[in-house]
Amino acid sequence: MTITLIDSFAFFFRAYYALPNLKSRSGIPTGLLTGLVNFINNLHKDKTSDAIIFCLEGEGEKLRQIRYSLYKANLSEAPLELREQITIAIE
């Protein structure tokens, strides 16, 4: 059995920034979601895995933050269009 593990947030950011600023007819941003659907379809077509698991970090303080308080301290907030699509992708 082959299992593919996906770092969800790394993939979400990659898909969002790799694709153009796609939007639905009603103006809803869709670039990340388009990338996600295409990725899953390609994995299915290639039949490279028996199972795909998208991994998400839990809520609350992370071990990395406990060990190194400056972990990701300089990151700016993600764009609103990205955050909106992440919520949909996780659901």
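Q: In which element is leucine 36 found?
A: Leucine 36 is found in helix α2. Helices (H or I, at least four residues) and strands (E, at least two) are DSSP runs, numbered from the N terminus. The model is a predicted one, in which local features need pLDDT of at least 70 and side-chain atom pairs count only at pLDDT 80 or more, while totals for chains, interfaces and linings use all residues. Residues are numbered from 1 along each chain as its sequence is written, and side-chain values use heavy atoms, with hydrogens and water left out.

Q: What is the mean pLDDT of the protein, and which elements have the lowest and the highest mean?
A: The term pLDDT denotes the predictor's confidence in each residue, from 0 to 100. For this protein the mean is 89, and 100% of the residues reach 70 or more. Among the elements, the lowest mean, 81, belongs to helix α3 (residues 63-67), and the highest, 94, to helix α4 (residues 80-90).

Q: Is leucine 36 buried or exposed, and with which residues is it in contact?
A: A residue is buried under 20% relative accessible area, exposed over 50% and partly exposed in between (1.4 Å probe, protein chains only). Leucine 36 counts as buried, at 11% relative accessibility. Contact means heavy atoms within 4.5 Å. With neighbours within four places in sequence left aside, leucine 36 is in contact with Phe11, Phe12, Phe54 and Ala89. Its C-alpha atom is separated by 7.0 Å from that of alanine 15, which is 21 residues away along the chain.

Q: Which residues of α1 are buried?
A: An α-helix has 3.6 residues a turn, so residues three or four places apart point the same way. In α1 the buried residues are Ser8, Phe11, Phe12, Ala15 and Tyr16. Viewed down the axis of α1, these buried residues fall within an arc of 130° (the arc of the directions from the helix axis to the C-beta atoms), so they line one face of the helix. Arg14, Tyr17 and Ala18, on the other side of α1, are exposed. The buried residues of α1 pack against β1 (3-7), α2, β2 and α4.

Q: Which residues of α4 are buried, and against what do they pack?
A: Leu82, Gln85, Ile86 and Ala89 are the buried residues of α4. Down the axis of α4 they fall within an arc of 110°, so they too line one face of the helix. They pack against α1 and α2.

Q: Where is threonine 30 found, and is it buried or exposed?
A: Threonine 30 is found in the loop between α1 and α2, and at 19% relative accessibility it counts as buried. With neighbours within four places in sequence left aside, threonine 30 is in contact with Leu22, Lys23, Ser24 and Gln85.

Q: How many aromatic pairs does the structure hold?
A: Rings of Phe, Tyr and Trp (its six-membered ring) pair if their centres lie within 6.5 Å; planes under 30 degrees apart count as stacked, over 60 as edge-to-face and the rest as tilted. The structure holds 4 aromatic pairs. In one of them, the ring centres of phenylalanine 11 and phenylalanine 39 are 4.7 Å apart and the planes lie at 35°, so the pair is tilted. This pair links distant parts of the chain, with phenylalanine 11 in helix α1 (residues 8-18) and phenylalanine 39 in helix α2 (residues 31-46), 28 residues apart. Phenylalanine 11 is buried at 9% relative accessibility, whereas phenylalanine 39 is partly exposed at 23%.

Q: What kind of aromatic pair do tyrosine 16 and tyrosine 17 form?
A: Tyrosine 16 and tyrosine 17 form an edge-to-face pair, 4.8 Å centre to centre and with 85° between the planes. Tyrosine 16 is buried, with a relative accessible area of 15%, while tyrosine 17 is exposed at 54%. Ring pairs link Phe13, Tyr16 and Tyr17 into a cluster.

Q: Where does lysine 47 lie, and what is its phi?
A: Most residues other than glycine have a negative phi. Lysine 47 has a positive phi of about 50° although it is not a glycine. Lysine 47 lies in the loop between α2 and β2 (51-55) and is exposed, with a relative accessible area of 67%.
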